[in-house]
Amino acid sequence: RTLMLAGNHLEGNIPDLLGSSMSLSYVNLANNSLTDGIPHSLASSSSLSTLILSRNNVAGGIPAALFANSSTLTTVDLQMNSLTGSIPPFDKVTALNYLCVTENLLSGSIPPSIGNISSLRSILLGQNKLTGLIPESLGQISKLLQLDLSFNSLSGHVPVPLYKLPSLKYFSLGSNGLVGQLPSDIGYTLPNLQVLIMQSNNLEGLIPASLENASNLQVLDLSNNSLHGRIPSLGSLAKLRQVLLGRNQLEAYDWQFLSTLTNCTQLTKLALEGNMMNGSLPVSIANLSPSLEYLLLGSNQISGSIPVEISNLVNLTMLSMENNLLSGSIPDTIGKMRDLYLS
């Protein structure tokens, strides 16, 4: 019933008859050097519940039989292989909970039939060559926890139903060709969100102020888009660790958002480079989290002097302020920050 051979130096093909056993339920061959394709017998096994072939050199396509008429299959992990072709349609798959095909060479569109699998909790399709629109049917999976479609070539708007999955914790659509705006009520409709990654798309409009209601948010990455306007207050997000908003068209105005971030005591990275921030840095910058390691403010329009109090950020390893309008002298106190790499 169980075949566990993960973490060895196995190579060659997966045996064609491996799936012929009528009782085989669990197969884990991860972290080896296996090649060629997934045997049809294994993909069509009526007893298989878990298939883990991650971190091998498995090539060829995903057999259509793997996602056809299976009432037992709960886990499919094929990440970090050399799989090609399209993701086959899902036909009468009723128990699948975890699907991961990250870091392969898969192409074509995401089959809309994936939205019919109400049992899914994790859909991880990142780092492939997928194209086309994101299926609106994904919004039907009401208990979805993780969705990663990043580093593909997806286009069009993000379907509105995806922003209304209250169970969603990990939401990553970065590095695609997506357009449109973030909905103004995103902080209310995704109350359990922990990670929101939308970097390197063509998003525009404002950063929604409602994000301050996503109290579990830890990572916010909206960098390299066309967002503009004021950065909203995020000070109510006590669990926030990373705020990455670089390479947009954001403005600072009175730097009020920076003062509110002093409440985020777990913040380790704040990246605002390549925007339209102007005016002088407030002294409150020294009250940012003592855990802060990266502070990126380069390529803005920041003027005035560098606050002497910035040396209070004792764990800072990267301070980037190049290509601004700064004047005056470099504070002597910066020399006391021994882990600092100054740019």
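Okay, let's start with the cysteines: the disulfide count here is zero, where a disulfide would be a pair of cysteine sulfur atoms within 2.5 Å. Two of the cysteines are worth a look anyway. C100 is buried at a relative accessible area of 2%, and C264 is buried too, at 0%. For the record, buried means under 20% relative accessible area, exposed means over 50%, and partly exposed is in between, with a 1.4 Å probe and protein chains only.

Quick note on provenance. This is a predicted model, so local features need pLDDT of at least 70 and side-chain atom pairs count only at pLDDT 80 or more, while totals for chains, interfaces and linings use all residues. Residues are numbered from 1 along each chain as its sequence is written, and side-chain values use heavy atoms, with hydrogens and water left out.

Next, charges. How many salt bridges does a search of the whole structure find? Two, taking a salt bridge as a side-chain nitrogen of Lys or Arg within 4 Å of a carboxyl oxygen of Asp or Glu. One of them joins D254 and R230, at 3.4 Å from N to O. That pair links distant parts of the chain, 24 residues apart: D254 is in the loop between β22 (249-251) and α3 (256-260), and R230 is in strand β20, residues 226-230. My helix and strand labels are DSSP runs numbered from the N terminus, with helices being H or I of at least four residues and strands being E of at least two. As for accessibility, D254 is partly exposed at 49%, and R230 is partly exposed at 43%.

The other bridge is R247 with E273, and there the closest N and O atoms are 2.7 Å apart. Again the pair links distant parts of the chain, 26 residues apart, with R247 in the loop between β21 (242-244) and β22, and E273 in the loop between β23 (269-271) and β24 (278-280). Here R247 counts as partly exposed, at 41% relative accessibility, whereas E273 counts as buried, at 16%.

On to the sheets. I call two strands paired if DSSP finds at least two bridges between them. Seven strands make an open sheet with parallel pairing, in the order β10-β12-β14-β16-β18-β20-β22. The edges are β10 (107-108) and β22, each with a single partner strand, so one side of each has no neighbour in the sheet.

β10 pairs with strand β12, residues 129-133, in the parallel sense over two bridges, and S107 stands opposite K129 in β12. Then β12 and β14 pair in the parallel sense over three bridges, with T131 opposite S153 in β14. After that, β14 (residues 153-157) and β16 (residues 177-180) are also parallel, over three bridges, and there S155 stands opposite G177 in β16.

There's also an open sheet of three strands, in the order β24-β26-β28, with parallel pairing. Which strands stand at the edges? They are β24 and β28 (325-326), each with a single partner strand, so one side of each is left without a neighbour in the sheet. Three bridges join β24 to β26, residues 301-304, in parallel. Across that pairing, N278 stands opposite Q301 and S280 stands opposite S303. On the β28 side, two bridges join β26 to β28, again parallel, and S303 stands opposite L325. β26 has two faces to keep apart: I302 and G304 make up the covered face, and Q301 and S303 the uncovered one.

Last topic, the inside. A nonpolar core, as I use it, is a set of buried Ala, Val, Leu, Ile, Met, Phe, Trp, Tyr and Cys residues joined through side-chain atoms within 4.5 Å. The largest one has 96 residues, and the members with the most contacts inside it are F67, L78, L96, L99, F171, L270 and L295. On the helix side, α1 (40-43) and α3 each supply at least two residues of this core.

Let me zoom in on L96. With contact meaning heavy atoms within 4.5 Å, and leaving out residues up to four places away in sequence, L96 touches F67, L73, T74, T75, V76, F90, I117, S119 and L120. That's what I have, so over to you.
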